[in-house]
Amino acid sequence: MKILKFLLFTIVVFILNFQVAFSDEEKMKKGLEIFNETAGCAGCHILKAAGAEGNIGPNLDTVSVTKEYIVEMVTWGLGVMPAYGEEGILTKEEIDIVSFYVANSAGK
Amino acid sequence: MFGKEDKMKKTNNKLNLRRRNFLTGTATLAGLAATASVVPITIANANHKEGEKGLPEFINWKNRDALIVHSDKGIETHRSAIGESLITPNRNVYIRNNMPTMSDGQIGDRNEWKVSIEGVKNPKTFSLAELKKLGHTTMATILQCSGNGRGFFAHKVRGSQWKTGAAACVFWTGVPMKAVVDACGGINGSAVYMTSAGVDHEPTGLDPKKAMVERSVPKKAFKDAMLAWEMNGVPLPNAHGGPLRMVTPGYFGINNVKHLGKVAFTEKESSVKYMKSSYRISPIGKKGSQYPSCWEMPVKSWITRPTDETGTVKAGKVQIVGVAMGGTKKVRSVKVSVDGGKSWKRAKFIGPDLGKYAWRQFALETTLDSGTYNIASLASNSSDKQPELRMENRRGYAHNGWKDHSVNIKVV
C-alpha cells in the first residue's frame with residue numbers, strides 16, 4: 001500500500017512538473033511571436049532581428065545583457081515597462097522563451 | 001505574483017488586446033599638476049570595457065571617449081572625465097531619459113513653447129518668450145541620477161549599472177521659479193507640493209498615468225528652483241530636456257523635469273507611476289508608495305583621479321583629486337584616505353565656490369611609494385557625513401557610501 005501511495009505521489013509530482021521541452025529553434029520561433037505579438041515588445045524596442053523599431057525603451061541591439069537579466073526585466077518591469085510576470089501578462093514559460101529569443105537575437 | 005493568469009489562454013486576438021490596453025491604458029588643476037608628478041591623464045585613456053559602441057543619433061554631438069554606453073537610453077560619464085574642470089561640459093554630461101527625447105519637429109518654435117502654472121492665485125500659461133521677460137538668473141547645480149552608484153550594489157538591481165558617472169555639475173540659465181510665482185499672484189495657501197510635469201510622453205501615445213514624468217517635491221523647493229532654457233551657455237539641448245526644464249537644486253535628477261509643460265502647486269503628490277511607485281527607496285524585496293521618494297540628495301564625494309581608468313601612477317608626489325557635494329547643504333570638508341579608510345587626511349578645496357548646490361573640486365598632495373593603494377574620499381556638510389557603507393535598498397538608489405566609491409591604484 002505504501003509503495004502504491006509512493007508511486008501515485010511520484011506520478012502526480014511528475015505530471016505537475018511536466019513542461020513541454022521546446023528545442024532552441026522552436027524557442028526562437030515562439031519567442032519572435034511573443035516579442036512582436038503577445039507582449040508587444042516591438043512597440044517600444046528596436047530589435048533588428050524582429051523588425052522592431054520602437055523607440056521608447058532601450059535599443060535591444062545595443063545592450064549587453066544575459067538571458068537571466070532579461071527574465072528579471074520582463075518579470076518585474078521598470079519605469080514605463082510593464083511587469084509582465086508580476087502582473088500576469090505573460091506566463092513564466094512565455095517569459096523564459098521571449099528572454100531566450102532576445103538574448104540570442106540582440107545585435108544580430 | 002504568479003497565479004491563475006499563468007494558465008490563461010493565449011490567442012492572438014487576446015494578445016493584441018493586451019498590447020492595446022498597455023498602449024492606451026496604461027579651478028584649475030594645471031597649477032596643481034605642475035607641483036606633483038601625476039601621470040598625465042587624458043580622456044582618451046578612458047577604458048571602454050563595454051566595447052566600442054557608437055553613440056545614438058540624438059546625441060551624436062557628444063564626446064564618445066568620455067562616455068560609457070550602457071544602452072542608447074543610459075549613457076554614463078567616465079570617472080576620469082568628471083572633474084577635469086569644475087563644470088561638466090555638455091558633451092560629457094550623462095544621459096538618462098525615461099521617455100524618448102523630443103525632436104525639433106515635435107518641439108516646434110522654441111520661443112513658443114508653453115508652460116502652464118497652476119495652484120497659484122492667478123493661473124497662467126507662459127510662452128518661453130514671455131518667461132524670458134519675467135526674470136533672469138544663472139546657477140550651478142549638480143544633476144545626479146537617483147541610481148548613480150547602483151553598479152556597486154551586490155544584489156541584482158535592474159536598471160543601468162551606474163558607478164559614478166550619472167552626475168554632472170552644470171550652469172543653468174533661466175527664470176527663478178519665485179519670479180514666476182510672483183507673476184501669478186503667489187501660491188495657493190493649501191499647497192504642499194510643487195508638481196512639475198513633462199510632455200515628452202505625448203508623442204508616444206502611452207497612457208499618461210504610466211508614462212508621464214510628473215514629479216512632486218516639497219513646496220519649499222520652489223524658493224531655489226528655476227525654469228531653465230540654457231545649459232552651460234547654449235540653448236538647453238533636446239536630449240537634456242529642451243527647450244525648458246525644471247531645475248530643483250539639491251534634488252535628484254528625476255525631479256528636474258525635462259520638456260516641461262506644467263508646474264502646479266498641489267495639496268497631494270502626483271498619482272502617476274513615476275511618482276507613486278517608481279523612485280521609492282524601499283528595502284530589498286519590498287516596494288510601495290509608503291517608502292521615501294528620491295528627493296534630496298545626500299552628501300557625497302568620489303575620487304576622479306588617479307583611478308584605475310587612468311593607468312599606473314609614478315611613485316613620488318601624487319595629486320589625488322575628486323569632487324564633493326553637500327546635497328542641499330554646503331559641503332564643508334573632504335578627507336582622503338590612501339589606505340582603505342584606516343587613516344584620513346584633510347583635502348583642500350580648489351577652484352571657485354559656485355554655491356551650495358554645485359560640487360567642489362578637492363585635492364590632496366601626498367607622497368606614494370610603489371605599491372597598490374585603495375584611495376577613498378569622505379565628505380561632510382554641516383550635519384552629515386558620508387557613511388562607510390551603502391544604504392541597501394531594492395532599486396539601488398541614493399548610494400553615498402565612501403567604501404564602494406573608493407578606487408584601487410597601482411604606483412610604480
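## Burial and layout of chain A

In this predicted model, buried residues account for 38% of the 108 residues in chain A. Chain A has four helices and two strands, and reading from the N terminus the order is α-α-β-β-α-α. As for how far its contacts reach along the chain, take those between residues at least 6 apart in sequence: 49% of them join residues at least 24 apart.

## Where α2(A) meets α4(A)

Helix α2 (residues 24-38) of chain A packs against helix α4 (residues 92-105) of chain A, with an angle of about 100° and axes 8 Å apart. Angles of 65 to 115 degrees count as roughly perpendicular, so α2(A) is roughly perpendicular to α4(A).

Who's touching whom? On the α2(A) side you'll find Lys27(A), Met28(A), Lys30(A), Gly31(A), Leu32(A), Ile34(A), Phe35(A) and Thr38(A). From α4(A) come Glu94(A), Ile97(A), Val98(A), Phe100(A), Tyr101(A), Val102(A) and Asn104(A). Sorted by class, this contact has nine nonpolar, three polar and three charged residues.

## The two domains of chain B

Over in chain B, the domain assignment gives domain 1 (95-276) and domain 2 (300-411). Their C-alpha centres sit 30 Å apart.

The two do touch: 16 residues of domain 1 of chain B are in contact with 17 residues of domain 2 of chain B. On the domain 1 side, strand β6 (residues 137-144) of chain B gives the most, with four residues. By class, that side of domain 1 of chain B has eight nonpolar, seven polar and one charged residues.

How values were computed. Residues numbered from 1 in each chain as written. Chains lettered and ligands numbered in written order. Predicted model: local features only at pLDDT ≥ 70, side-chain atom pairs only at ≥ 80, totals over all residues. Domains from an automatic or database assignment. Contact = placed C-beta atoms within 7 Å. Nonpolar A, V, L, I, M, F, W, Y, C, P; charged D, E, K, R; others polar. Buried ≥ 20, exposed ≤ 12 C-beta atoms within 10 Å, placed from the backbone. Axes fitted to C-alpha atoms, helices over the stretch in contact; angles between N-to-C directions. Parallel < 35°, antiparallel > 145°, perpendicular 65-115°, else oblique.
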